[in-house]
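Let's take a friendly walk through this model together. Have the sequence and the 3D view open as you read.

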Amino acid sequence: MHHRFGRIVLPVLVIAGLLVAPVLTSGAPRTSWDAKACGRVGGTLVFGQAQDAVTLDPADATDGFSVNNTSNAFDTLVRFAANGTQVEPGLAESWKVSSDELVWTFKLRRGVRFHDGTPLDAKAVEFSFQRQLDKKHPYHHGVFEYAEFTLESVKSIEAVGADSVRFTLKASNAPFLAMLAMFSNAVSSPAAIRKYGKDYFKHPTGTGPFKFVEWVQKDHVTYEANKDYWAGRPCVDRLIIRGIPDNTVRLLEMEKGGIQIMDQTNPPDYARIRRNKDLVLFTGPGLNVGYLAMNVEKEPFNDVRVRRAVNHSVNKPVLVRAFYEGIGQPAKNPMPPTIWGYNDEVKAYEYNPEKAKQLLAEAGYPNGITTELWWPNRARPYLTQPQKIAEALQQQLAKGGIRAKLVTFEWGTYLSKARNGEHPMAILGWTGDNGDPDNFLYVLLDADNAKKGTASNIAFYKSGALHDLLIRAQRTSDQARRTALYRQAQEVIHNDAPWVPLVHAGRVAAYRKQVQNFFPHPLDIRWFYRVWIEK
Amino acid sequence: MVERIEVIARIPESRARVGFYQDAWRRLRRNRGALLGLVIICLFAGAALLSPLITAHDPIDQDLDARLLPPSRTHWLGTDDLGRDLLTRIIYGGRVSLTIGIVAVGIAVAAGTFVGLFAGYYGRWADSVTMRMMDIMLAFPATLLAIFIVGIRGPSLNNAMLAIGVINIPIFARLVRGSVLRVRQEEFVDAARALGGSAGRIIGRHILPNTLAPIIVQATLGIGAAILEAAGLSFLGLGAQAPTPEWGAMLTNTREYLRDAPWAATFPGIAILLTVVGFNLLGDGLRDALDPRLRI
Amino acid sequence: MTRYVGRRLVETVPVVFGVLLVVFVIAHLTPGDPVLIALGEHATPEAVEQLRAELQLDDPLPVAFLKYLSHVLRGDLGRSIQNNERVTVELATRFPATIELSLAAMLIASVVGILTGVLAAVRQNSWFDGLSMFVALFGFSMPIFWLGIMLILLFAALLGWFPISGRLDYTVEIVRITNLHILDAMVTRNWTALGNALHHLVLPAITLSTVPLAIVARMTRSSLLEVLRQDYVRTARAKGLRDSRVVTRHALTNASIPVITVIGLNVGSLLSGAILTETIFAWPGVGRLVVDAIFARDYPIVQGTVFVIALVFVAVNLLVDVSYAYLDPRIRYG
């Protein structure tokens with residue numbers, strides 16, 4: 001595994017399970033999506049999220065709000081299962097891989113057409129990828145943040161005949177197939193891209209279940225059912241995706257029936273939704289961690305006793321109860337238990353302010369310490385109510401003898417300052433990209449990622465022992481061995497205590513009772529293909 | 001754009017003598033609205049100053065098991081989302097909000113007076129350049145300017161005060177400039193000049209006292225406005241920082257509970273409303289008292 | 001008169017240029033990087049560098065400003081960093097929403113405010129005078145985001161009289177010509193859309209109108225009172241003119257000057273209010289656009305929007321000054 005996995009904003013793969021092993025032969029033609037039948041066909045589904053899309057060009061999207069849009073209007077060659085992260089056939093009905101795992105050949109489904117009526121063929125797929133990868137491509141209009149990462153291992157892409165596409169890799173790469181399933185690798189109509197040029201982002205033309213109709217920016221996007229969809233038409237006739245920034249207003253709209261599904265439910269509203277017999281609150285485990293990082297390069301956090309004192313001062317169950325309304329679990333490791341390799345034998349530092357004071361005294365601070373606690377002023381999946389959590393932490397720390405002043409900056413400034421190591425203590429978190437322990441431990445705590453200015457390891461924790469374990473785990477593909485190494489790594493981290501792991505937040509979605517077949521996907525992308533509405 | 005402001009800011013002409021302020025005070029005392037305003041302000045200010053004596057609770061001490069309790073005998077106004085006593089936070093919050101208003105207006109008055117005197121007294125290019133700069137500031141939506149200032153310097157109470165102060169500079173600059181232009185024409189200024197008075201002396205002895213009345217009025221009204229602007233910045237997450245009890249931040253942080261625990265957002269809102277009403281009443285009264293011809 | 005307008009026009013040039021320069025400099029001085037914000041926790045050093053180069057963010061500031069200025073003079077405000085949208089297109093779709101909201105608010109403020117002010121002045125010291133001035137006082141002493149949320153809770157959520165948020169129901173079809181929904185609907189005789197757009201407009205417009213409404217009412221009242229006390233009005237009354245005629249013919253014309261002043265002065269603060277109002281009512285206008293853009297460090301959008309706002313502000317003030325000259329010939333064009 002490689003640290004550059006960090007580039008993905010949305011998790012790629014596997015929540016509870018394993019990396020997808022290279023599939024050597026073709027997948028089954030039928031998928032988990034078809035298994036879900038429409039109970040009723042027709043009606044309009046309105047989905048409310050906290051922001052409208054930024055762009056509708058899937059290859060250029062970086063934010064979840066845009067991805068929720070593009071994922072319903074586009075297809076990828078292979079796609080994720082309806083309720084998990086297994087990879088299934090998409091626009092490619094089958095694929096072959098050479099024995100050295102370097103050449104992948106995808107056979108395209110026949111008779112698929114883009115929404116503009118042009119046929120999906122091998123040339124179109126090639127075009128769609130080339131415009132992302134080739135900076136000299138005449139239609140390289142955009143930044144394509146994800147291309148470099150998801151297609152990093154690709155040497156060449158070429159059409160073979162009318163209905164096959166061949167990818168040649170620079171080196172074998174196990175998660176390649178999952179990368180292809182990611183939203184940014186959706187296939188766009190070359191005719192539409194040529195027609196609209198730089199304005200393609202507001203004229204999205206794919207092959208997906210929903211056809212783009214209209215975009216009123218900062219308000220809503222309207223789609224209609226693609227009745228000729230290759231896997232059968234979607235259940236609803238129309239799909240509207242609205243942006244409503246205010247939490248209370250968004251919930252009010254859902255209570256009134258103006259929207260049927262909403263995202264970014266505010267924890268204080270969980271109880272109200274549960275009480276309402278017209279609404280459903282979905283909760284499930286999340287793939288994230290929220291943490292408090294101590295800058296081990298700064299006094300007094302260069303002393304492990306001080307870091308342990310901080311750990312003993314934090315009462316996590318109280319935080320989860322008060323600010324996540326119990327939807328989540330207190331963290332003791334840097335990675336969530338939904339990932340393989342999680343070490344449940346690590347014994348969490350118990351909440352004990354007296355012990356904290358004692359440790360501080362041993363470290364030479366009998367009167368406690370005065371420091372700063374930085375917090376990000378933007379709600380994240382792992383940090384639903386940042387300010388309140390920070391305030392509560394401040395008070396808990398004070399009882400353990402750690403007097404911390406709260407400091408915050410706007411999101412962008414906050415990140416750059418934290419990466420620069422300007423903080424003594426900072427709250428941050430991570431949403432998993434691909435379900436591999438490396439994606440948490442190496443990215444967030446290895447010495448390789450602790451360079452000032454660009455650090456993702458904002459504790460600036462540099463342990464030779466940990467580095468050795470993590471590199472060994474990267475170089476082997478034997479999962480049992482990797483598991484053992486990662487379990488050991490978690491012990492090392494626990495003992496050195498560069499963090500206070502705070503919480504693994506659950507994933508939450510709310511919808512009206514009439515909505516059927518809606519499953520909030522573990523990857524936190526909202527797919528509405530098989531959702532139907534009861535009369 | 002300049003003529004316009006003078007319509008509002010017509011000032012008492014050469015009446016800046018002790019007797020004038022005594023008269024004004026007499027008129028103010030007869031104005032029931034102004035007295036009410038004064039009483040409201042004094043109540044909040046007094047409570048803020050004496051807060052530890054009034055309440056036994058701590059404004060930032062949380063009790064996560066006592067979140068969003070309704071008003072009761074122990075918590076007269078209930079508790080907020082972190083289990084803190086609302087009344088206590090509102091009382092202590094008065095310190096913060098009043099400080100914001102006074103400091104922000106102080107900045108605006110000091111800088112605005114300086115700019116206005118400079119432009120008005122020296123006239124010509126000094127006047128055109130500074131007034132064009134003020135025009136630029138006015139053409140820039142105030143909230144955006146404040147967002148920028150806070151964005152550059154980081155969100156904090158001090159930066160919010162600075163930002164609000166800065167965006168209000170043009171108001172005072174124009175006010176003072178207009179007054180100066182009028183006073184400059186007066187005979188006693190000419191006389192002082194003819195007697196060889198220095199610029200500083202003429203400004204200090206003759207011009208400033210005569211521009212004081214409109215500044216007092218505008219400053220009083222400005223404190224109320226500044227408290228509102230600070231609340232707006234807090235709504236955008238750029239105002240006073242946690243756990244400081246600032247009314248706007250209290251209102252913003254609890255507005256999501258407006259349906260389940262309406263008291264948590266309502267009482268801070270009322271505190272803002274009453275205080276600003278107080279300053280507006282007092283400002284109106286001062287205007288009536290200082291310039292009986294102008295009732296707004 | 002023409003010369004006066006011409007001179008005023010020339011005077012606005014340095015102001016607009018100044019605004020452009022100031023916004024450019026402070027936008028670029030603000031710490032935080034658009035690339036870092038877009039990619040969040042997951043940004044890698046290589047991606048950030050590559051993006052900065054693509055966006056030409058590494059030009060020295062004076063060079064960047066001159067480049068920008070030359071584009072602006074050619075009518076090109078650039079493209080958004082976030083999604084490549086032309087800033088001019090973005091403004092063409094978003095400004096009308098704010099204009100519609102602001103005009104509606106100003107209309108409410110002027111009509112209701114002047115009416116209230118006149119009635120209060122004519123019946124000075126009556127219960128109506130007392131009550132309306134009391135309400136007006138509260139009107140501009142309240143945080144408007146608080147008022148907005150309470151209006152939604154009461155009139156939209158509880159009573160269900162008005163829509164909760166947005167500008168138009170997605171079920172309503174409308175031909176977009178100017179993007180001023182009300183105008184478009186009237187031109188195309190689409191009465192359903194007109195009704196729907198007006199329905200959505202009520203609560204946000206009321207929210208936004210409170211401050212100017214209160215000020216206009218108070219100003220109208222006080223200036224009218226002052227005028228009514230003056231000799232020529234007394235003379236007119238003495239000559240036997242009916243009160244209503246005196247008020248409309250003589251007094252109102254003279255009292256309108258300070259009122260127009262207030263309206264002009266409030267264009268700026270109206271936009272500040274629009275930022276908060278648009279956020280609460282999910283109104284797709286320019287106030288939200290620019291605040292979101294500041295937070296995302298989308299410089300081209302921030303610069304373009306502030307530039308156009310400044311143009312509007314300057315234009316309104318010009319209009320205000322010209323209407324003084326029209327209403328009161330005593331004001332010299334000097």
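## Where chains B and C meet

Two residues count as being in contact here if their C-beta atoms, placed from the backbone, lie within 7 Å. Please keep in mind that this is a predicted model. By that contact rule, 42 residues of chain C are in contact with 39 residues of chain B. On chain C, at least two residues each come from helix H1 (2-29), helix H6 (127-139), helix H7 (144-158), H9, helix H11 (243-281), helix H12 (286-296) and helix H13 (299-327).

Which helix of chain C supplies the largest share of the side that touches chain B? That is H11(C), with nine residues. Sorted by class, this side of chain C has 31 nonpolar, nine polar and two charged residues.

## A look at chain B

Chain B is built from 13 helices and zero strands. Its C-alpha atoms fill a box of roughly 75 × 45 × 30 Å along the principal axes.

Of the 296 residues in chain B, 55% are buried. If you take the contacts in chain B between residues at least 6 apart in sequence, 73% of them join residues at least 24 apart.

## The largest nonpolar core

The largest nonpolar core has 339 residues, and the members that touch the most others are B:Ala146, B:Ala160 and C:Val216. Helix H9 (residues 191-228) of chain C gives this core its largest share, 17 residues.

Leaving out residues up to four places away in sequence, B:Ala146 touches B:Ala163, B:Ile164, B:Ile167 and B:Leu233.

## Two domains in chain C

Chain C is divided into domain 1 (2-73) and domain 2 (91-327), and the C-alpha centres of these two domains lie 31 Å apart. Their contact takes 17 residues from domain 1 of chain C and 15 residues from domain 2 of chain C.

On the domain 1 side, the elements that give two or more residues are H1 and helix H2 (34-39) of chain C. H1(C) gives the most, with 12 residues. The residues on this side of domain 1 divide into 11 nonpolar, four polar and two charged.

## Three domains in chain A

Chain A is assigned domain 1 (39-73 + 208-284 + 507-535), domain 2 (75-201) and domain 3 (288-505). Taken over C-alpha atoms, the centres of domain 2 and domain 3 of chain A are separated by 38 Å.

Terms used: Residues are numbered from 1 along each chain as its sequence is written. Chains are lettered from A and ligands numbered from 1 in the order in which they are written. This is a predicted model: local features need pLDDT of at least 70, side-chain atom pairs count only at pLDDT 80 or more; totals for chains, interfaces and linings use all residues. Domain bounds come from an automatic or database domain assignment. A nonpolar core is a set of buried Ala, Val, Leu, Ile, Met, Phe, Trp, Tyr and Cys residues joined through C-beta atoms within 7 Å. A residue is buried if 20 or more other C-beta atoms lie within 10 Å of its own, exposed if 12 or fewer, and partly exposed in between; C-beta atoms are placed from the backbone. Helices (H or I, at least four residues) and strands (E, at least two) are DSSP runs, numbered from the N terminus. Ala, Val, Leu, Ile, Met, Phe, Trp, Tyr, Cys and Pro count as nonpolar, Asp, Glu, Lys and Arg as charged, and the others, Gly among them, as polar.
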